[in-house]
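These are my notebook entries on one structure. I set down what I looked up, entry by entry.

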Amino acid sequence: MGVANEMTALPEAYFKAEVIEVRSLSSVMRRIVLGGDGLADYRSSGAPDEWFRLMVPPERQQRVELPSQQGRQFHFDDPQPAPRWYSLRRWDPERHEATVDIVVHDHGVATRWAEAVQLGDQVLISQPHGRGIDTEADWVLIMADQTGIPAACRILESLLPGQRAHAVFEAPDEAATFTPTSPADLRVCWAYNPSPASIPSPLSAPVRTVELPPGRGYVWMAGEASCARAVRRYFRHELKWRSQQFDIVGYWRPDAEVYQRRFREVEEQVATVYEAGQRRGADSEDILDEVYSVMESRGL
Ligand SMILES: Cc1cc2nc3c(=O)[nH]c(=O)nc-3n(C[C@H](O)[C@H](O)[C@H](O)COP(=O)(O)OP(=O)(O)OC[C@H]3O[C@@H](n4cnc5c(N)ncnc54)[C@H](O)[C@@H]3O)c2cc1C
């Protein structure tokens, strides 16, 4: 599982950033710009889908310390920060400023942090990693719920003039919609979902009705995990697309606490299947099929 593997690999460095701007982009999205001297050596991977670890500080903690390092292990001061994955919405290499757009939902440490954060607050972030996308495809289909929209917007900005692109985005309501910018020939559709934690994402339905243009296509999707799995199943198993033609990733799931408890029961088996696949040099999507089959046999 390419992304999961890269995401669980330890980051090579942490940086101390300072909050220099906070604003609401919509009723559910907070934009936070990070800067300060601690980002002097921060570098973008250059991949438009890049993500990093935001080490959410304990509540009301405004100052943070860099972790100590032993080999590849990092040790954070107590009380420990909580790691959460976020996309690097924008990196300004001249000003050394990183922009992150955070969805605020019912509960969660990152949500609470984004709601309460103030100018000057410090936070640790890891070096970003990305996989990149196929920029040479004749056409691109980008699908994202609110959590995938920051990376999706950056991907759209990275497309080539004249390339055909279709974006299908999920929003809580019309007030949360906007016009993404892209040099590509872009068409955007919105699907509404006022309660993503309790109502299944509407993103998987349009994929079956969108008329896929001729030529070599590429699909990037990020959003709720079961929806991402359904969309992946469609392209991989129904349309029989090759793994290089799509990157479809679950960014979050409802009731993560319950899921984690159930996942722990198959964790070892999943790791064995995953490592065996890697050892024999199997394609990452073939390994993912095997992992899903273990998980699905246990109702996950
Ligand atoms: C590579 C990658 C990039 C990502 N980029 C972004 C990004 O740019 N912006 C962004 O907002 N998110 C992004 N996410 C998703 C984000 O990491 C999760 O939503 C994360 O769980 C939020 O942390 P939290 O502390 O707020 O909630 P958690 O403490 O993780 O979860 C608390 C509860 O909230 C539920 N929950 C988690 N996320 C949501 C949600 N979005 N809506 C409703 N309920 C939720 C969980 O199931 C759990 O029950 C990304 C994820 C990945 C893997």
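**Entries on loops, a pocket and helices**

I began with the loop that holds D255, which runs between β14 (246–252) and α6 (256–264). Helices here are DSSP runs of H or I with at least four residues, strands are runs of E with at least two, and both are numbered from the N terminus. I noted first that the model is predicted, that local features need pLDDT of at least 70 and side-chain atom pairs 80 or more, while totals for chains, interfaces and linings use all residues. Residues are numbered from 1 along each chain as its sequence is written, and side-chain values use heavy atoms, without hydrogens and water.

**Backbone**

I looked up phi of D255 and found a positive value of about 50°, although D255 is not a glycine. D255 is exposed, with a relative accessible area of 57%; exposed means over 50%, buried under 20%, and partly exposed in between, with a 1.4 Å probe and protein chains only. H96 also is not a glycine and has a positive phi, near 55°. I located H96 in the loop between β7 (90–92) and β8 (97–103).

Which kind of peptide bond joins D78 and P79? I found a cis bond, with omega about -10°. P79 sits in the loop between β5 (73–75) and β6 (82–87).

**Helices**

I next turned to V258, a residue of helix α6. V258 is partly exposed, with a relative accessible area of 40%. From V258 to Q62 I read 196 residues in sequence and 31 Å in space, C-alpha to C-alpha.

Helix α5 (residues 225–238) packs against helix α8 (residues 284–297) at about 130°, with the axes 13 Å apart. The axes are lines fitted to C-alpha atoms over the stretch in contact, and angles run from 0 to 180 degrees between N-to-C directions. I therefore recorded α5 and α8 as oblique to each other; under 35 degrees counts as roughly parallel, over 145 as roughly antiparallel, 65 to 115 as roughly perpendicular and the rest as oblique.

**Second largest pocket**

I looked up the lining of the second largest pocket and found 17 residues, with P58, E59, R60, W113 and A116 nearest its centre. A pocket is an open set of points on a 1 Å grid where a 1.4 Å probe fits, with protein on both sides within 12 Å along at least five of seven lines; lining residues have an atom within 4 Å of a point. Helix α2 (residues 109–116) gives the largest share of this lining, 4 residues.
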